[in-house]
Structure formats: C-alpha cells, structure tokens
Amino acid sequence: MLDEVSLLVGGKAGEGVRSTGYIIGRILNRHGLNVFIRDDYQSLIQGGHNFSQIRSSSKETWSHYEKVDLIAALDQKTIDLHEKELVSNGRVLFDSEEVKYCGSGKALSIPLLKMVEEIKGLKIMRNSALIGVVAYLYGLDLTKVNAVLTKIYREKAPKNLALAKKGYEYAEKNFDRIGEIKRIDRLPKPLLTGNQAIALGAVKAGLKVYIAYPMTPSTSILHYLAGHQDKLGLTVVQPENEIAVIIMALGASYAGARSMVASSGGGFALMQEAISMSGMTEVPLVIVECQRGGPSTGVATYTSQADLKFVVNAGHGDFPKVVVAPGDTEEAFYKTAEALNLAWKYQIPVIVLSDKHLSESYKTTSIDENNVSKEEVKMANGGGGYKRYELTEDGISPLAFPGTPEAVIKVNSYEHNPSGYAIDEPELINKMQEKRLRKYAQIAADLRSRETVKIYGEKDADNLIVSWGSAKGAVLEAMKLLKRKFKFLHVIYPKPFPVWEVEKHLDKVKNVISVECNSTGQFASLLREETGFLVNKKILKYDSRPFDPEDLANRIERVLE
Amino acid sequence: MKLELDTPAEKTWCRGCGDFGILTAVKRAIQELVDSGETRHENIVIASGIGCHNKIVDYINVNSFDVLHGRVPPIISGMKIANPNLKVIGFAGDGDAYNEGISHLVYSAKRNIDITMIIHDNEVFALTTGQATATSSLGFSTKAMPKGNIEVPLNPIHLMLTSGATFVARGFSFDIKHLTSLIKEAVKHHGFSFIDVLQPCKTYHDTTQFLRERIYYLNEKGHDTKDFRAAWERADEKERIPIGIFYKIERKTFEDQLLKGKIPAYEKEIPSINHVIEEHI
Ligand SMILES: Cc1ncc(C[n+]2csc(CCOP(=O)(O)OP(=O)(O)O)c2C)c(N)n1
Ligand code: SF4
Ligand SMILES: [Mg+2]
C-alpha cells in the first residue's frame, strides 16, 4: 500500500499537459484522496516545455514535491529535464513512438499514438490512453476514470473512454503496478485552484460585479467568473485597461453593487491612484493581487511573494486599508468572503494578496457555503438631510445608494466636509482625516474576533517558523519531514498586522526562522516594523519557483546548524 | 415642481468663465428632464474629473462623484452597470477627457454605454495655470511651452465619430438655451452621448469674442444627423464654427447586451454555489 504518490506529466505547450495532470488529479480526488497539483508552464502558446506535478495522499496534501515516483513523458524534453527528479525505484512512462528512453527497470514504453490511430482519434486523445496506464499503475478504478472523463469531455467522451481502457489493458498485460494507494472514505470534496476559491468566496459574500483586464496569474478569475456569470448572477466586464477596471468597479460600488477586481503586480501598480481614492471617498472595493515573478513584466507564469511591501503600502496618503493573504485554497475562499465583508462594513479598500502558486495550483478543498454570509453594513435610514460623510464616533458614516428618494449622495476624491463638498480648511481636514482613521481602530478590534494567524506544529517547540501566503504549503510538508520539533506561525493578515497574536509567540522560542519567496525578506522586515522583533534566520527563494518541501526541510536544518 | 438644485458651496470660478454657462444649462436641463418624467431627481448622478470644471459637482444638488483626473467615463459606466435605472452625466475638462483619460472616452463611445459626457473644452489646462492640452492650437504659447505649442490639435468631433459614438454634438457655453436643449437630447439618447462644449477660459484662453463671431446653428441648415460623412465634413469647418448635433444614430447599448433585466445589481439574491462546486468533484 502506498501512503502517497508524486508524479509528473510533461510535454510541449498545446499537447494537453495541464489538462492531463488535472484529470489525473480529479481521478485521485474521486478516490477519496487529497490532491495537490502544481502547473509549470511558460508564457507561450505552442512548443516550449510544460509540466504538472501531482501529489496525492490519504493525508492533507499541502504541496507538490520535486521528487516523483513516476514521470509521464509526452516528449523527449520531459525525460531530459526531469529524470534527475525520479526516486531511485521510480518509473518513466512514455510514448514509444515519439520518445526514446532505456533506463533499465524503469522504462514503461507504450504505443500511445498507435492506440489513437486504431480508433481514428486525434493525437491529443493519446493523453486519455496515458491516463488509463497511470490508473492501472496505481490501482485506480477504471469506473472512476470514466466518470471523470465523461464529466470533462461530454460529447467527446466515448473515444477518450475507449483510449483510457486501451491504456489500462495494455498496462495490465505488460507492466507491474507501482502499488496501490491507500484510500480513505470521505465525502466528495472539490479540487479547486486558489483563484476559483477566491471567486466563489466573493460570490458568497455578495459579489455582483467583477471587472478585470487579463494578466497572469489573475486571468483565471476573469475566465471563471465570466464562464459562470449566469449561474452566479454576476455582471462581468473586461474594459480598456486596469485604471478603467478599478474606477468602474468603484462606480459600481458607489451605486450599491459589491464589486471586485484583480490583477498581478503590473496592473495593480496602475491602480494606485484609485486605491487611494477608495480610501478617501470611502467607497468599498476588493482588489485581488496575484503576484508573479517581478520586477516589471518579470516572469509572467511563475510565482513570487515580492509584492508584500508594495501592497501593504499601496495608495498615496494615509487611509485605512486591509491586506489579507490566504495561504491555501480554503483560506482563499473564506478570506476573500471576509475581505468583501470588511470592505463594505468599513467602506475601505481591501486587498486579497495571492500569488501564482496559490492562484493556479489545485488542492482538494473543504468549503461550506453555509459558513459564509453577507455581513450587515451600516445603512442610512433614508430621507432628507443625508450626509455621506457624517461624523460618527466609530468613523463609519451610514451608507446610501443613488436612487434613494431625498438623499443626495455626494462623494468626493478631494478632501470634503461631511456633506461631501470640497474643502481646504485645516480644522476640517483634521476632523475628516481623523474620522477615516477612527475606522482603523474599529477594524483592528473586529479582526481580534477573526482568524488573523494560524498556529501549527508543537506548541512548546523551541524553534518557530514564521511565514505567510502560499509558502505555508511547503512549510507544512517540510515539517512532516523534519525530526526536530517546530511550531509554525502563519500570518494571514499583513495589514492590520495582528501584533496581538504574533507577539505571543516570538519571545518564548530559541530560534525564529522566516520563510518566503522573495529576495529581501519583506515579511521579516514587516515583522520588525510591526513588532520590533528581528528575525535572524531567513530562508528566501527568488527563482520564481515555489519551495519544494524536501529542499525547504534541508534548508531549515542548515540554518539551525 | 421646482427642484432645489442650488447648493451652499461658494462659486470660485473667475468672473466671465464659460463654466457658469454650462452650470446654468445643466440645471435647466435637469429640471426639465425631471418635469417631463424622463427621470427622477434621485436617479440622476453627475461626476466630474479634476480641473476648474470639476467644481460643477459642488454647485448642483444631485448625487455626485468627483473622481480622479481623466477618469469620468469609467466611474459613471460602473454606476450604470450596477444600476441601469440611473441617469449618469459626466463633466470633464479637455485635459481631463482628451489628455489624461482619452482611452476611456474612446472606449465608452466604442461600447455605446448609455452615459453622457459633457466636455468643458477651453483648450487649456486651466486649474494648473494654463498649459497646452490636446485641443490647444498650434503656436499656443504657455509657461510650459514658451515657444508655442508644436503639436497639432485633436478634433474631438472626429475622435468621437471614429470611436463609434452614437450621439456627437458641440455646444457653446454662452448659448445657454441651445446648450440646455443639447444636454436634454444627450441625456435622453439611448447610448453613448457626447457634447464638446466650447468654453472660454477668461483667464488663460479667452475665446468669447472669437467664438461669438463664428458660431452658427448646424441643425438649422438641413444637416442630416444620420450621415456620417456629412458629420465628418461639418466638423472640419474652421472659418465658421457649427454647433448642434453632428451625428445621432441608434445602436444596441452595452448594458442592454450585458445586463439581464434592468434591476440594480445589489437587489439580486446571493446564489447557492453548490451546483458550481459540483463541477469540481
Ligand atoms: C493624475 C493627475 N495628474 C495631474 C493632476 C493635476 N491637474 C489638476 S487639474 C489639471 C488639468 C485640468 O485641465 P482640464 O481637464 O482641461 O480642466 P480645466 O481646469 O481646464 O477645467 C491637472 C493636470 C491631477 N490632479 N491628477
Ligand atoms: S481659470 Fe479659466 S476655466 Fe478656470 S475658472 Fe478661471 S476662467 Fe474658468
Ligand atoms: Mg481645460
């Protein structure tokens, strides 16, 4: 019995590598296993080299692993590049008609193209035969393979089913199983990417308008919500540029619709003036920032955590704002919903900070829509005398939307008086500035009753790992591999920084190790700024690839030596 | 019923500024649009960019959004998408609309979203004390270009015609009666409507006399407002300056195609997502 499996599917762009990896993941997920899939693809449409790393286990699976026990190669490059990642008793599965390989005892050669010819299928369908072989190698049920293929290919399913069967039977006749995976009995759970979870979380908190301009790795939110707009009662718009995106969304919010936008670092940079305007005008908005390798155009289809300080400091001027950085798909769902609620409760911009690794990797996810709701906001009672920026004790002025009889709702990006008219007087400027900042105290108090950090590992360990965002997955997997005891503090809210939670954990330990995917230790620096605590053991990675758990475990060992 | 459209805000435009004429025309148009049942007071939203022109939002007692420099079209488009029952009217300077935010203007015309854009075209960045804009003439001398403007001016009517606008007009800020009727027509138009208002800036570019001598009413001379080519040619005239509606056609609007049912988005229920989650199992 196998406790877990790691495999890699590789080939050229356009050969269906990612969908093959995804289908294998879906099949494993159907068997009650937990699945994590990382897609590695380049910014091109055809050619190049793509691969999917799939990890599956009966236990919670937080990350892909570089080391794999099976490589499924659709082209030669996959073997040339990845053979070194194979475990000692690993195997290599390849299309005998396109790839040459003769690793003794490892080679599993299959005539995929010939199988396709036999049923007069298209070349891309060989992937289904390959899926059939993989199913046999790990002792998976062909009925579950068929169920997934039928769901995905619909009217094109019959040929794919026939090929899966051919692959399965060929493997049965010619190969030994790698092993059977230990299964668990559980209710079906969805296999979701971070971006899908972000989209669904927002919908459950009342999202009505989604506006975006394509930029990897945020584009899949746009595609997903546009594809589901009728089912989810949404309006989805793709305007001329990111400035139009955020301004339109603010217009929609002003008119009463919960709205959201997303981009990556470059597009987010273009939105700065409007983020500041959201703060000044007190028009709520959620902005999702999916980080990719930077600076500048950077590395479009790869990951990074190097926008943290930029995002925390987004927008010119002083105004209350929240930044939440989910660490996995489940948090992506719940925390995006929370982001929308906070934005509307406090009439502020809230930024959801993700990255390629979270946004585009798939993970078996437990979410319950009943655990999310649209939280109450302070609405005006209507009628005359309405003041959009009425001075209140908590700094929150009651909301009203245009169309409310007798209420005149004047919103202003210029400093304004409580009625919304432009002003320059120093005393009134102070009053209005202080009114807006009073909301910050409210937000910090509100966050004390929400989950702002998560603690994992051994409570009384001497060694504390601190991290944020998607690096969480590799840290949790690395902790499974490490012999020493560790406690792990994962910070979910970079702003307001949950000092009240974080400080509890910093001084009781011998070593504090920070883990993040950037080259300057931005999180460690933020921690210093917020708590005064100096982290002296930093583990950084900035090759635009996420941490591999084994490599991370080794690096943690090394910094402790 | 006479609407209370005045506000307590002090008027800070220069004496003789063309913006006063636009203000008067807009207030009259709003009164008449409400009187005729075209819309209700509470369903009107105005927005402005940044410049001298933007003070107009403080001078009219209706819902308003004073947005960033150049960003008027997207702010009112967002409102319209969220609540198609609103009548949204944007005011922008020439710097605002044709310099900083030109992409938004072009795209709003292209998508034929049902918004109205009124441009206070004084051929100058007035509030920043007089620099050349997209519509400043060749040779126009400013502190930023003491040797005179070396760029040819943009023709806003041509720009809007090629962008696909379905209502393209020009007004004059001191012909209040004519401007009032243009604004009413623009707001009533089902689709993107645009009025370039020739607005003398008393302080940095006083064209009052120049314009008074040359202006004539385009629509009194048998101009066919459905004829694109004729509109284009009339917009080329330089010796005499036509004001009125150059072009007006009907085309499906953006929101008619985008929105199902004309209800405000916030009134829609939160759907269950279970049927979508099912797709991922
Ligand atoms: C992003 C940005 N850039 C520059 C400015 C400075 N600014 C204020 S008003 C203005 C020009 C306004 O010109 P126009 O739009 O023609 O309006 P007018 O003052 O002529 O009415 C500029 C450049 C600004 N407010 N915002
Ligand atoms: S500077 Fe020009 S545009 Fe501005 S208020 Fe004075 S006259 Fe009007
Ligand atoms: Mg101007």
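Predicted model: local features only at pLDDT ≥ 70, side-chain atom pairs only at ≥ 80, totals over all residues.
Residues are numbered from 1 along each chain as its sequence is written, chains are lettered from A and ligands numbered from 1 in the order in which they are written. Local features need pLDDT of at least 70, side-chain atom pairs count only at pLDDT 80 or more, and totals for chains, interfaces and linings use all residues; side-chain values use heavy atoms, with hydrogens and water left out.

Helices (H or I, at least four residues) and strands (E, at least two) are DSSP runs, numbered from the N terminus. Strand β8 of chain A spans residues 209-212. A:V209 and A:I211 point one way from β8(A), and A:Y210 and A:A212 point the other way. All are buried, that is, under 20% relative accessible area with a 1.4 Å probe and protein chains only; exposed means over 50%, and partly exposed lies in between. Strands count as paired if DSSP finds at least two bridges between them. β8(A) pairs in the parallel sense with strand β9 (residues 235-237) of chain A, over three bridges. Here A:V209 stands opposite A:T235. Strand β10 (residues 259-263) of chain A also runs parallel to β8(A), joined by four bridges. A:I211 has A:V261 as its bridge partner in β10(A).

The magnesium ion (ligand 3) has three protein donors: B:D94 (OD), B:N122 (OD1) and B:V124 (O). Donors are N, O and S atoms within 2.8 Å of the metal (3.2 Å for Na, K and Ca); water is not among the atoms, so sites may look incomplete. Along the chain, the donors follow the spacing D-x27-N-x1-V. B:D94 lies in helix α3 (residues 94-100) of chain B, and B:N122 in the loop between β4 (116-121) and α5 (156-163) of chain B, so the pair ties together parts 28 residues apart in sequence. Both B:D94 and B:N122 are buried.

Side chains of opposite charge can pair when their charged atoms come close. A salt bridge is a side-chain nitrogen of Lys or Arg within 4 Å of a carboxyl oxygen of Asp or Glu. The whole structure holds 50 salt bridges over all chains. In one of them, A:R55 meets A:E4 at 3.4 Å, N to O. This pair links strand β3 (residues 47-57) to strand β1 (residues 4-13) of chain A, 51 residues apart. A:R55 is buried at 9% relative accessible area, whereas A:E4 is partly exposed at 32%.

A:E331 and A:K454 form another salt bridge, at 2.7 Å, N to O. A:E331 lies in helix α14 (residues 329-346) and A:K454 in strand β16 (residues 453-457) of chain A, so the pair ties together parts 123 residues apart in sequence. A:E331 is buried, with a relative accessible area of 3%.

A:R450 and A:D446 also meet in a salt bridge, at 2.7 Å, N to O. A:R450 is buried at 14%, and A:D446 is buried at 9%. Both belong to a salt-bridge network that also includes A:K335, A:E338, A:K345 and A:E375.

Helix α5 (residues 142-153) of chain A has 12 residues. Its buried residues are A:V145, A:V148 and A:L149. Just after α5(A), A:R154 takes a positive phi of about 45°.

Technical notes:
Expected span 1.5 Å × (residues − 1).
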